[in-house]
Amino acid sequence: MLSLFGLADCNNFYCSCERVFRPDLQGKPVVVLSNNDGCVIARSEEAKALGLKMGEPFFKVRPLLEEHGVAVFSSNYTLYGSLSSRVMNLLSAYTPQLDIYSIDEAFLDFTGMDQHNDMKTYGEQLVRHVTQSTGIPISLGIAPTKTLAKIGSKFAKKYKGYHGCCIIDTEDKRLKALTLTDVTDVWGIGRRIGKLLEYYGIHTAADFAAKKESWVRAKFSVTTLRTWKELNGISCISIEQLPHKQTICTSRSFADKGITDHNILEEAVANFASRCAAKLRQQHCHCQGVSVFAHTSPFRPEAPQHTIYQTTTLTVATNDTAEIIAAAIRLLRNAYQPGSYAYKKAGVIIWNIMPSKAIQQHLFDPIDRTRQAALVKAIDEINRKNGHVTVRLAIQGTDKRFQLKKEYESLQYTTNINHIIVAKTEKTK
């Protein structure tokens, strides 16, 4: 039985979430800002048409946003997570196996279902149902491999003629889709591999798929070889082998003039390290590298300037919150210099990330990794049931001294009883 997969992708997810309870914004430009209202991290199609780029600082594009009447929102992750859960619950009714890949993407296993359904019609029905039930528009790609399904979802999003569902189920469709796809846009091909492929004269996914297996095997890693096979219609990537982030960063710009108290800066860095560790466990990975950075505002040249960037490599890879926090705080203290510095931004980066099943142990490791894993699991379970910061290290404090700046935050319509929309009807005479 041939494999068949779907990739459901929510269109402009953050902006679409903001529009669900603001129907007056349909067809109008919308942007969502990063933590502390720093940069643009999500744009509606109308906002993209204005030339707004991802990651542009808010203060730089603010005049353009005001000129064109762009709706601006602070990040509202509570709302986004709630609507994501609704989308995923609906998708689960259409497949015997749903694998959630990110907050706005999920893989659906359709293997064997094509014997009983017209998959194109089935896919369009799925798209309509989810969009009508949640208000979140989605695109669906269906193909014999996950990588091809990912390409199909991009075509479904780009071309309205697909009615939200692009299916790659013939050799002609596969070759045409690969020819129209830049090799650097292929899922699983990173920037470094993309540049190397272009060096060899490979510019499209079709160019790469046309190469001999022996050549790919000799030049690249087994991960890239799997991508090559997937482009050629051979399903070989399981959910555990899906590409994971090579680095994870949690950072924040601090409000007003920044943080001058070193104890508060340590508290902030500890919380950033905790979030990095949680994200690491979510993708079932460990890390062996930890970096910490902090700097004063480059836009206040009259103030004392200082930049911190420290990095370390752990003896044994870990995803334990306490161990990662300890490494981060140690780096910060090593770089500390007395003085009246006002740090405007700080963050933690974890790198050298690897799957949790492939950890190289150390003969003289002083940590009981089995007990450590059990403790981490117990804490995660407590926090899952009672809130993500119910159990934390003392150095993390209360997280209230550097709350995010959210001047444009929308209401939590689906999770806060005080924010539920009230429908009013006019009295008839």
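A residue is called buried here when its relative accessible area is under 20%, exposed when that area is over 50%, and partly exposed in between, with a 1.4 Å probe and protein chains only. The model is predicted, so local features need pLDDT of at least 70 and side-chain atom pairs count only at pLDDT 80 or more, while totals for chains, interfaces and linings use all residues. Residues are numbered from 1 along each chain as its sequence is written, and side-chain values use heavy atoms, with hydrogens and water left out.

The protein chain has 14 helices and twelve strands; these are DSSP runs (helices H or I, at least four residues; strands E, at least two), numbered from the N terminus. Its radius of gyration is 24 Å, close to the 22 Å that the globule rule gives for 429 residues, so the chain is as compact as a globular protein of that length. That radius is taken over C-alpha atoms, and the rule is 2.2 Å times the number of residues to the power 0.38. Along the principal axes, the C-alpha atoms fill a box of roughly 80 × 70 × 45 Å.

Of the 429 residues, 45% count as buried. Contact means heavy atoms within 4.5 Å. Among contacts between residues at least 6 apart in sequence, 68% join residues at least 24 apart. The chain exposes about 23,100 Å², of which carbon and sulfur atoms supply 52%; accessible areas come from the Shrake-Rupley method with a 1.4 Å probe, and for residues only the protein chains shown count as cover.

Helix H6 (residues 146–158) is mostly covered, with ten of its 13 residues buried. Among the buried residues are Lys146, Leu148, Lys150, Ile151 and Phe155. Their cover includes strands S1 (5–10), S6 (105–109), S7 (138–143) and S8 (165–167), together with helices H7 (171–179) and H11 (222–231). At 1.5 Å a residue, the 13 residues of H6 should span 18 Å, and the end C-alpha atoms are 19 Å apart, which agrees. The expected span is 1.5 Å times one less than the number of residues.

Helix H4 (residues 77–92) has 16 residues and reaches 22 Å from its first C-alpha to its last, close to the 22 Å expected. Its buried residues include Leu79, Tyr80, Leu83, Val87, Leu90 and Leu91. An α-helix has 3.6 residues a turn, so residues three or four places apart point the same way.

Thr224 lies in helix H11, one of the elements that cover the buried residues of H6. Thr224 counts as buried, at 3% relative accessibility. Leaving aside neighbours within four places in sequence, Thr224 is in contact with Ile189, Ile193, Phe208 and Val216.

Glu323 belongs to helix H13 (residues 321–335) and, at 16% relative accessibility, also counts as buried. Not counting residues up to four places away in sequence, Glu323 touches Val316, Thr318, Ile367, Arg369 and Gln372. Glu323 and Gly194 are 129 residues apart in sequence and 35 Å apart in space, C-alpha to C-alpha.

Two residues other than glycine have positive phi values: His284, near 55°, and Asn352, near 50°. His284 is in the loop between helix H12 (262–282) and strand S10 (285–296), and is exposed, with a relative accessible area of 61%. Asn352 is in strand S12 (residues 343–355) and is partly exposed, with a relative accessible area of 36%.
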